[in-house]
Amino acid sequence: MLVWIHGGYWRALSKDDNAFAVRGPHGRGFHVAVIDYTLVPRATLDEIVRQVRAAVAFLALRRDRFGIGPQPFAVGGSSAGGQLVGMLLADGWTGGFGIPADTIGVGLALSGLRCTHSRTAAASGRENTGADSNQSSGSLVRTRLTSMRGKTKQPVKHRASLAASLSQFGKPRL
C-alpha cells in the first residue's frame with residue numbers, strides 16, 4: 001500500500017490534484033490511496049497531522065475490507081505532503097490510533113518544506129503564533145524519527161525527510 005499526501009503549503013491543492021501518483025505504483029501491483037486534509041486556515045497544522053494519521057489508521061484497520069496485504073505501508077508526499085510524511089514516520093503516535101508501530105515501513109518525502117517561521121520569529125523577538133506560522137515547529141524540532149530498520153534515531157531540524165526508494169519496500173502480495 002502506498003499512501004500519497006498532496007502538497008500545497010498546507011493551504012492549497014487536494015487529493016484530486018495528485019491523482020498522478022496512482023498510475024505508476026498501481027501499475028506495478030501496489031494499492032494506492034491519495035489522501036486529503038483540511039487546509040489552513042480552517043485547520044491548524046496539529047489538526048492536519050491528526051487527520052493524516054487518522055487516514056493511515058483507517059486504511060490499516062480495514063486491510064481486509066480493501067484487500068490490502070499485511071506488509072508495512074509506504075508513505076510519500078511532496079512539499080507540505082513531504083513534511084506530513086515526516087510526521088507519519090515520527091515515533092509514538094500509532095498506539096493512540098490502535099495500529100501497530102510497524103504499520104509504516106518506508107517514507108518518501110519529496111521536497112519537504114523547511115520550517116523557517118520559528119527562526120524568523122525568534123530573530124524578530126516575537127512569538128511563533130498565528131495562522132501564518134507553523135504552529136508545530138517546536139514539536140518538529142524535538143521530533144525524533146526512527147530509521148526504516150528501527151535501529152537508529154536522529155533528531156529532525158526544521159525538516160523531516162527520509163529519502164528511500166519505493167523499490168526497497170518491495171512488491172506487495174495481493
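**Strands and confidence**

Author: Strand β3 and strand β4 (residues 104-110) run parallel and are joined by 6 bridges, where two strands pair if DSSP finds at least two bridges between them. Helices (H or I, at least four residues) and strands (E, at least two) are DSSP runs, numbered from the N terminus.

Reader: Ok, and which residue stands opposite L110?
Author: The residue opposite L110 in β4 is S78. The chain passes from β3 through α4 to β4, and this β-α-β crossover is right-handed, a word used if, with the strands pointing away from the viewer, the path from the first strand over the helix to the second runs clockwise.

Reader: Before I go on, what kind of model is this?
Author: This is a predicted model, in which local features need pLDDT of at least 70 and side-chain atom pairs count only at pLDDT 80 or more, while totals for chains, interfaces and linings use all residues. Residues are numbered from 1 along each chain as its sequence is written, and side-chain values use heavy atoms, with hydrogens and water left out.

Reader: Where is the confidence lowest and where is it highest?
Author: Confidence, given as pLDDT (the predictor's confidence in each residue, from 0 to 100), is lowest in helix α6 (residues 137-142), with a mean of 31, and highest in α2, at 98. The protein has an average pLDDT of 74, and 64% of the residues score at least 70. Over residues 116-174 pLDDT stays under 50.

Reader: How many residues of β3 are buried, and how many of α4?
Author: In strand β3 (residues 73-78), 5 of its 6 residues are buried, meaning under 20% relative accessible area, with exposed over 50% and partly exposed in between (1.4 Å probe, protein chains only). For helix α4 (residues 80-89) the count is 10 of its 10 residues, including G81, L84 and M87.

Reader: New topic, where does N18 lie, and what does it touch?
Author: N18 lies in the loop between β1 (2-5) and α1 (20-27), and N18 counts as buried because its relative accessibility is 3%. Leaving aside residues up to four places away in sequence, N18 touches W4, H6, V34 and S78, where contact means heavy atoms within 4.5 Å.

Reader: And how many salt bridges are there?
Author: A search of the whole structure finds 2 salt bridges, each being a side-chain nitrogen of Lys or Arg within 4 Å of a carboxyl oxygen of Asp or Glu. One joins the side chains of K15 and D16 (3.3 Å, N to O), and another joins those of R50 and E47 (2.8 Å, N to O).

Reader: How far apart are R50 and E47 along the helix?
Author: R50 and E47 are 3 residues apart in helix α2 (residues 45-61), so they are separated by about one helical turn. In general, an α-helix has 3.6 residues a turn, so residues three or four places apart point the same way.
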